[in-house]
Amino acid sequence: MSDPPARPRIMKGAGGRMLAAVELDRGSALPLHLQLYRQLRGLILDGTLPPETRLPSTRTLVAELGVSRLTVVTAFEQLTAEGFLRARQGDGTYVDALWTAAMAPAPVARPQLSERGAATSARGASLFSEAPHSWDPKDTESFVPSQVAASAFPAGVWRRLLARHAARTDAAAIGYGDPHGYEPLRQAIADYLIDVRGLSCGAEQIVVTSGAQQAFNVLAVLLLDPADTVLVEDPGHISGRLAFQSQGCRVQGVPVDDAGAVVAGGDPSARLAYLTPSRQHPLGTVMSPARRREWIAWAQAHRSWIVEDDCDSELRYHGTLLPPLFGLDQARHVIYVGTFSKVLVPSLRLGYVVLPHDLVEPFTSACSVIGRTPATVMQAALADFLAEGHLHTHLRRTRRLYAARQDALLEQLDAQLAHRLTARSVAAGLHVMGWLEASVNDIDCARGLARQGVFTYPLGEYRVQRPLPPALLIGFAGTAAEHMARAVARMAEAFERLEPGGAAEA
Ligand SMILES: Cc1ncc(COP(=O)(O)O)c(C=O)c1O
């Protein structure tokens with residue numbers, strides 16, 4: 001039935017107010033009955049049509065709005081079913097009090113979510129204002145420490161593997177998936193770990209996570225009570241520390257020397273130690289075999305946990321890779337956390353945890369509450385990527401590429417910025433430390449550089465308790481060797497515009 005053309009409206013009172021307010025758009029793709037329904041509902045909710053208002057009759061509305069009877073009846077029926085209108089037998093249709101009575105008299109101002117802390121708990125505000133967030137992800141010549149080489153990503157292979165799994169409709173691909181992670185990926189990770197890291201474990205000990213960060217968050221909830229003490233490296237990985245700190249525990253920083261984190265520096269009764277033995281983050285130190293033994297002895301003596309974060313030791317340019325703590329500890333107090341963020345790309349959001357057998361099920365249950373298992377299609381594509389040897393190929397290429405980028409960075413820092421900072425080659429990882437003069441405030445300096453589009457991280461932000469000399473973490477993996485001179489020149493210019501002490505000139 002088509003709607004007749006609209007006529008001028010001449011009603012007074014509540015019915016007139018309603019008719020004056022309703023504007024139907026005949027050119028809209030939204031059917032007229034839906035437009036009428038939405039507008040009447042809005043008029044009732046905002047109080048234009050108060051409770052007990054008698055609505056004009058269907059016949060009047062048809063005539064005044066120029067719509068069909070079916071349009072009006074459909075809208076009224078829906079509003080009646082939802083409790084906005086009430087039909088009185090033989091006496092027309094009235095606005096019901098159900099919704100209007102429940103509404104607040106005036107709109108309440110919402111908290112400004114963009115202002116950090118305004119909408120969070122005191123604990124949330126203090127924890128998460130520390131989380132690192134000051135990089136520009138679009139910058140292709142960034143010095144951000146965890147940036148990888150976008151151009152090296154084997155996009156063709158990845159597209160083919162993703163396509164292989166994207167169209168699957170079998171139960172394993174479509175359902176919630178195995179909460180431990182996609183079984184072929186767990187197997188492929190177990191094979192990879194023995195090949196590349198000398199870590200021997202069964203696939204049944206591996207749980208796939210959404211990056212290492214999810215593993216830290218889950219372990220924090222699973223293993224810690226608020227009264228517990230957690231030992232972290234000082235300086236140490238910020239987001240990892242915050243995951244443990246978020247449980248309300250006491251966090252104690254242990255110093256890091258040339259042999260790695262110092263055991264003697266920490267509270268012996270601590271429940272957990274969060275460590276990066278393969279390549280201390282951010283300083284780059286490799287934990288010595290003797291120090292490894294000391295930490296394992298500490299965990300065994302106090303029945304404490306060690307969370308071993310090994311995020312990028314596969315990216316090693318020289319020197320030997322020592323076996324992880326996980327394989328050295330016979331008493332099973334070590335939990336190993338790995339990630340594909342650095343060896344491949346962080347946007348995959350895929351990592352994994354290798355657990356002592358008795359922690360696998362508790363960890364998996366906690367994971368299914370805190371984030372659930374990552375997207376199956378990604379896991380399946382990655383499983384094939386590993387099983388077909390593409391990660392080995394990618395690692396061989398990126399090791400060469402990153403070694404050349406590191407050399408280029410050090411050469412350019414020496415040529416253009418030797419008067420500002422001192423940097424030495426690192427054996428593994430994606431950044432070097434640029435040590436600044438003692439009088440410089442590294443946090444102000446990094447902020448001043450960032451304001452000019454040059455992104456690094458200040459060592460000061462990695463500090464837990466003890467004072468540190470000022471330094472910048474300068475990533476080399478994200479900038480091509482042939483562009484390094486230009487990128488470092490930009491950094492040098494930005495340095496020249498800094499005020500003494502570090503802050504940028506206005
Ligand atoms: C020390 C350390 N551990 C772990 C990670 C990896 O985190 P994710 O796997 O969540 O990307 C990073 C990333 O920057 C890191 O620096």
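1. The second largest pocket holds about 260 Å³ of space. On a 1 Å grid over the protein atoms alone, a pocket is an open set of points with protein on both sides within 12 Å along at least five of seven lines, and a lining residue has an atom within 4 Å of a point. Grid points are joined across faces, edges and corners, and a volume is the space filled by probe spheres set on the points.

2. A word on the source: this is a predicted model, where local features need pLDDT of at least 70, side-chain atom pairs count only at pLDDT 80 or more, and totals for chains, interfaces and linings use all residues. Residues are numbered from 1 along each chain as its sequence is written, and side-chain values use heavy atoms, with hydrogens and water left out.

3. Back to that pocket. Its lining includes L283, G284, T285 and V286, along with R424, S425, V426 and W435. Domain 2 (122–131 + 153–390) and domain 3 (393–496) each supply at least three residues of the lining; the domain bounds come from an automatic or database domain assignment. By class you get 8 nonpolar, 3 polar and 1 charged (Ala, Val, Leu, Ile, Met, Phe, Trp, Tyr, Cys and Pro count as nonpolar, Asp, Glu, Lys and Arg as charged, and the others, Gly among them, as polar).

4. Now the ligand. The residues around it include S146, H237, H281, D309, C311, T339 and K342, where "around" needs a heavy atom within 4 Å. This shell divides into 2 nonpolar, 7 polar and 3 charged residues. Helix α10 (residues 211–223) gives the most to the shell, with 3 residues; helices (H or I, at least four residues) and strands (E, at least two) are DSSP runs, numbered from the N terminus.

5. Which side chains come within polar reach of a ligand oxygen (a polar contact being a pair of N or O atoms within 3.5 Å)? For T339 the distance from a side-chain N or O atom is 2.6 Å, for K342 a polar side-chain atom lies at 3.1 Å, and for H281 the figure is 3.5 Å. The protein covers 89% of the 400 Å² of accessible area that the ligand has on its own (Shrake-Rupley method, 1.4 Å probe).

6. H281 turns up again in the lining of the largest cavity, as do D309 and C311. A cavity is a set of grid points where a 1.4 Å probe fits but cannot get out. The whole structure has 1 cavity of 30 Å³ or more, and the largest cavity holds about 40 Å³. Its lining has 1 nonpolar, 4 polar and 4 charged residues.

7. Finally, some backbone points. Most residues other than glycine have a negative phi, and most peptide bonds are trans. H281 and P282 are joined by a cis peptide bond with omega of about 15°, and P282 sits in the loop between β7 (272–275) and α12 (289–302). Another cis bond joins D234 and P235, with omega about 10°. E52, in the loop between α2 (32–45) and α3 (58–65), has a positive phi near 75°.

Methods: A polar contact is a pair of N or O atoms within 3.5 Å; within protein, one must be able to donate a hydrogen and the other to accept it, and residues adjacent in sequence count only if both atoms are side-chain atoms.
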